[in-house]
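Take a moment to look over the chain as a whole. Then follow the text from one part to the next.

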Amino acid sequence: MRCIMNENYILGLDIGGTSIKAGIVNKWGNLKGFQTIPTNSSQGPDQVLATINTLIQYYQEQDSISGIGIALAGSINNKAGVCIYSPNLNWRNVAIGKIIEDSTGTEVRLINDANAACLGEYFFGAGRSYNNIICITIGTGIGSGVILDNKLFTGNSGLAPEVGHMVLIKDGPRCSCGRKGCWEALVSASAIIKRAAVEINTGTSTMLNELTGGEKDSLTVQYIFKAWQAGDSLAVDIMTEVKEYLALGLANLVNILNPKCIVLGGGIIDLDSELTAGLEDMVKELSFPSFKDTVLIKKAKLGNKAGLVGGASLFLKEIETLGGQYVN
Ligand SMILES: [Zn+2]
C-alpha cells in the first residue's frame with residue numbers, strides 16, 4: 001500500500017467548466033457518495049462558489065471531513081490557494097482556497113485538474129506501481145501530469161506540463177493556444193472532428209453523412225470511430241494518421257522523460273476502438289533504443305473520478321515527501 005490519509009475522510013472536488021464532481025475519499029482511495037452537478041459557470045465565480053459551499057455542507061452533514069482537496073481546470077497557485085486563470089470557468093484571480101476555508105472551517109488544498117488526475121492514478125490507479133509516470137488525458141483537449149522519482153513535476157512556473165502543446169508539425173493545424181501544429185491540434189477529439197468536418201464540407205464521400213443524417217453539427221468522435229471500424233475510407237485515413245501522431249507524441253515524451261509507465265485516459269481513449277490496440281508497440285518502435293524496452297502504456301483506471309481522488313490525495317501523509325512540489 002502506497003499511502004495512508006492523515007485522517008479517514010477527505011472530500012474531493014473536481015471543478016470543471018461544465019460540471020463539478022464530488023465524493024468522499026477514504027485512506028485507501030475508496031470513493032463514496034460520488035455525485036456530479038452542473039457548474040453553471042456563466043453565472044460567475046460568486047454563484048459557483050455558493051454552489052460549492054452548499055455541496056460541501058451536504059457532505060459535512062454526512063461525515064466528519066478533515067480536509068477538502070480541490071482539483072480545478074486552470075492555472076493554479078497552489079501555495080496561495082488561488083485560481084490564477086481558468087478559461088473553462090472564466091475565472092481570474094479567484095482565491096477559492098481561502099474563501100472555502102473561511103466558509104466551511106475546513107482546510108482546503110488546491111491543484112490543477114490534470115496534475116490531480118495524475119496524482120490519483122499514481123496513488124490509487126494504473127500508475128500505482130511505478131515511480132516515474134506520465135498521465136495523459138485526451139478529450140476535447142489534452143491534459144497532462146508528470147511524476148518523476150515519485151514527485152509531481154510542475155516546472156518553474158508551477159503550471160507544467162503542457163505536453164499537448166509540443167509542436168509536431170511546423171505550420172500545422174491551428175491549436176486552441178493560438179499556435180500551429182501542436183499535438184492537441186492533431187489528436188484531440190476536437191481536432192479529429194474538425195478535420196472530418198473539413199473533409200465532409202469539401203464533398204468527400206463518407207458514411208459519416210448517413211450517420212449524422214447530413215447534420216454537420218451532430219458530428220461526434222463516436223460517429224467517426226464507428227465509420228473507422230466499418231472501414232469508411234475517410235475515417236480510416238483520418239484515424240490512421242491520428243494514431244501515428246499519437247504514437248509519435250508519446251515516443252517524444254518517452255525520449256525526454258524515460259517514464260516507466262504512460263497512463264492514458266480521457267474521452268477518446270475510453271471509447272471502445274482500435275486507437276490503443278498495438279499502440280505500445282508503435283511507441284516502442286519510435287522511441288530511443290535504450291528506453292523503449294521498459295516503457296509500458298496503460299489505460300487509466302479511475303476514469304472521470306481521477307481528478308477528485310487526486311485532489312483528496314493532497315492530504316496523504318506522504319504527499320510532503322512523495323509530492324514535495326505541493327507542500328513547501
Ligand atoms: Zn497548442
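Helices α7 and α8 are roughly perpendicular to each other, a term for angles of 65 to 115 degrees, while angles under 35 count as roughly parallel, over 145 as roughly antiparallel and the rest as oblique. Their packing angle is about 105 degrees, and their axes lie 8 Å apart. Such axes are lines fitted to C-alpha atoms over the stretch in contact, with angles running from 0 to 180 degrees between N-to-C directions. Two packed helices are described by just these quantities, the angle between the axes and the distance between them. Helix α7 covers residues 221-229 and α8 covers 233-257. Helices here are DSSP runs of H or I with at least four residues, strands are runs of E with at least two, and both are numbered from the N terminus. Which residues meet? From α7 come I224, F225, A227 and W228; from α8 come A235, V236 and M239. Contact means heavy atoms within 4.5 Å.

A word on the source. This is a predicted model, in which local features need pLDDT of at least 70, side-chain atom pairs count only at pLDDT 80 or more, and totals for chains, interfaces and linings use all residues. Residues are numbered from 1 along each chain as its sequence is written, and side-chain values use heavy atoms, with hydrogens and water left out.

Now step back to the whole chain. Domain 1 takes in 10-112 + 308-317, and domain 2 takes in 126-300. These bounds come from an automatic or database domain assignment. The C-alpha centres of the two domains are 28 Å apart.

Next, find the zinc ion. Which residues coordinate the zinc ion? They are H165 (ND1), C175 (SG), C177 (SG) and C182 (SG), at 2.0 to 2.3 Å. Donors are N, O and S atoms within 2.8 Å of the metal (3.2 Å for Na, K and Ca); water is not among the atoms, so sites may look incomplete. The arrangement is tetrahedral because the four donor atoms subtend angles of 103 to 121 degrees. Along the sequence, the donor residues follow the spacing H-x9-C-x1-C-x4-C. H165 and C177 are twelve residues apart, and each sits in the loop between β11 (151-152) and α4 (184-187). H165 is buried at 19% relative accessible area, whereas C177 is partly exposed at 36%. Buried means under 20%, exposed over 50%, and partly exposed in between, with a 1.4 Å probe and protein chains only.

The loop between β11 and α4 also holds P161. The peptide bond from A160 to P161 is cis, with omega near -5 degrees. Most peptide bonds are trans, and most residues other than glycine have a negative phi.

Two residues have a positive phi without being glycine. N40 has a phi near 50 degrees. N40 is in the loop between β3 (31-38) and α1 (45-62), and is partly exposed at 39%. D149 has a phi of about 45 degrees. D149 is in the loop between β10 (142-148) and β11, and is exposed at 60%.

Finish with two strands. L110 lies in β8 (residues 108-112) and is buried at 1%. Y85 lies in β6 (residues 82-86) and is partly exposed at 31%. Leaving out residues up to four places away in sequence, Y85 touches G74, S75, W91 and R92. Y85 and S75 are ten residues apart in sequence, and their C-alpha atoms are 5.2 Å apart.

How values were computed:
Four donors count as tetrahedral if all angles lie between 85 and 135 degrees; four count as square planar and six as octahedral if opposite donors are over 155 degrees apart and all others between 65 and 115; anything else is irregular.
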